[in-house]
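Subject: Structure for you to look at

Dear colleague,

I am passing on a structure that I would like you to open and read alongside this message. Please keep it on the screen while you go through the notes below.

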Amino acid sequence: MAERQFHIQCTAEDIGHYVFLPGDPDRVPWIASYLENAQKVAQSREFTTYTGTLDGTRVSVTSTGIGGPSAAIAMEELVALGAHTFLRIGTCGGMQPELVPGALIIPTGAIRMEGTSQEYMPLAFPAVPDFGLTEHLVCAARAAAYDYHTGVVQCKDSFYGQHSPETMPVAPTLLQNWQAWKAAGTLASEMESAALFTVAAARHVRCATILQMLWNQERQAVVRDKEHAASDMTHAIEVAVAAMRAVIRENKETAV
Ligand SMILES: O=P(O)(O)O[C@H]1O[C@H](CO)[C@@H](O)[C@H]1O
Ligand SMILES: O=c1cc[nH]c(=O)[nH]1
């Protein structure tokens with residue numbers, strides 16, 4: 001039996017094999033309210049975990065904090081406890097001018113401009129989500145008729161390197177890269193999916209992401225507060241829960 005994990009402070013009895021991964025710990029009870037009989041099982045550092053059931057199957061919600069290092073730790077420790085299917089529910093900033101704040105972004109790949117994934121795989125390896133899980137997210141977003149977009153997202157380690165690149169000593173590099181990502185149609189910027197997709201590949205588990213677009217810095221001057229951001233995550237959570245239900249149902253049907 002796997003021991004209590006050092007950072008998330010959970011044992012195998014505490015968690016389900018299907019896990020939602022928000023960044024923000026405050027988002028955990030909100031997502032858990034969509035589960036039956038959800039209870040808080042652990043809180044340690046940035047990692048808050050609730051567990052309940054979806055249609056009779058145990059499902060957990062664990063916050064990953066901000067950035068690749070803590071997201072990778074959460075996934076590693078959950079995998080050590082038996083988890084095999086992960087859906088990140090996060091926020092992002094839009095990069096293509098036509099994207100309207102509030103839109104849902106479902107990544108089909110993530111640019112690895114962060115450090116964590118490079119301690120797992122050479123940069124030539126692509127950070128891509130699980131295809132089947134991503135299909136379930138797309139089906140759920142389409143069925144709900146929400147404004148959703150599929151494509152590449154950019155992941156980085158510095159939030160302010162995205163928002164104030166001109167203040168950084170390496171400004172020319174950041175600005176040149178940003179232009180290149182935009183020119184190739186990159187939809188949005190966030191921080192964890194590249195690390196999560198790469199860790200998932202290394203550990204042979206499934207992971208996909210759905211993101212709520214808070215604002216679009218290519219359309220508007222970004223004011224970073226809750227009043228100005230499109231921060232109601234209801235649509236992203238509904239789509240993720242519907243996708244998780246679908247994958248659990250599919251796994252039950254194909255179980256031998
Ligand atoms: O809202 P979460 O899931 O934390 O995701 C995004 O928000 C944080 C930055 O504000 C980063 O973690 C980024 O990836
Ligand atoms: O602009 C944004 C919004 C959320 N998360 C990010 O990393 N960037």
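In which loop does H84 lie? The loop that holds H84 is the one between helix 2 (68-80) and strand 5, where helices (H or I, at least four residues) and strands (E, at least two) are DSSP runs numbered from the N terminus.

Before going further, please note that this is a predicted model, in which local features need pLDDT of at least 70 and side-chain atom pairs count only at pLDDT 80 or more, while totals for chains, interfaces and linings use all residues. Residues are numbered from 1 along each chain as its sequence is written, and chains are lettered from A and ligands numbered from 1 in the order in which they are written.

To stay with H84 for a moment, this residue counts as partly exposed because it has 16 C-beta neighbours inside 10 Å; a residue is buried if 20 or more other C-beta atoms lie within 10 Å of its own, exposed if 12 or fewer, and partly exposed in between, with C-beta atoms placed from the backbone. Leaving aside neighbours within four places in sequence, H84 is in contact with H17, V205 and R206, contact being defined as C-beta atoms, placed from the backbone, that lie within 7 Å. The C-alpha atoms of H84 and H204 are separated by 8.2 Å, although the two residues are 120 apart along the chain. H204 itself follows helix 6 and has a positive phi, near 60°. Helix 6 (residues 193-203) is mostly covered, with nine of its 11 residues buried, among them L196, F197 and V199.

The chain as a whole

The protein chain has seven helices and nine strands. Its radius of gyration, taken over C-alpha atoms, is 17 Å, close to the 18 Å that the globule rule gives for 256 residues, so the chain is as compact as a globular protein of that length; the rule is 2.2 Å times the number of residues to the power 0.38. Buried residues make up 48% of the 256 residues. Among contacts between residues at least 6 apart in sequence, 79% join residues at least 24 apart.

Strand 1

All five residues of strand 1 (residues 18-22) are buried, so this strand is largely enclosed by the rest of the structure. Y18, F20 and P22 point one way from strand 1, whereas V19 and L21 point the other way. Strand 1 pairs in the parallel sense with strand 4 (residues 57-62) over three bridges and with strand 5 (residues 85-94), also in the parallel sense, over five bridges; two strands pair if DSSP finds at least two bridges between them. In these pairings F20 stands opposite V61 in strand 4, and Y18 stands opposite T85 in strand 5.

The two ligands

Around ligand 1 the shell includes P22, G23, D24 and I66, a residue being near if its C-beta atom, placed from the backbone, lies within 6 Å. That shell divides into four nonpolar, three polar and three charged residues, where Ala, Val, Leu, Ile, Met, Phe, Trp, Tyr, Cys and Pro count as nonpolar, Asp, Glu, Lys and Arg as charged, and the others, Gly among them, as polar. Ligand 2 has T91, C92, G93 and F159 among the residues around it, and strand 5 gives the largest share of that shell, three residues.

With best wishes

Terms used: Two residues are in contact if their C-beta atoms, placed from the backbone, lie within 7 Å.
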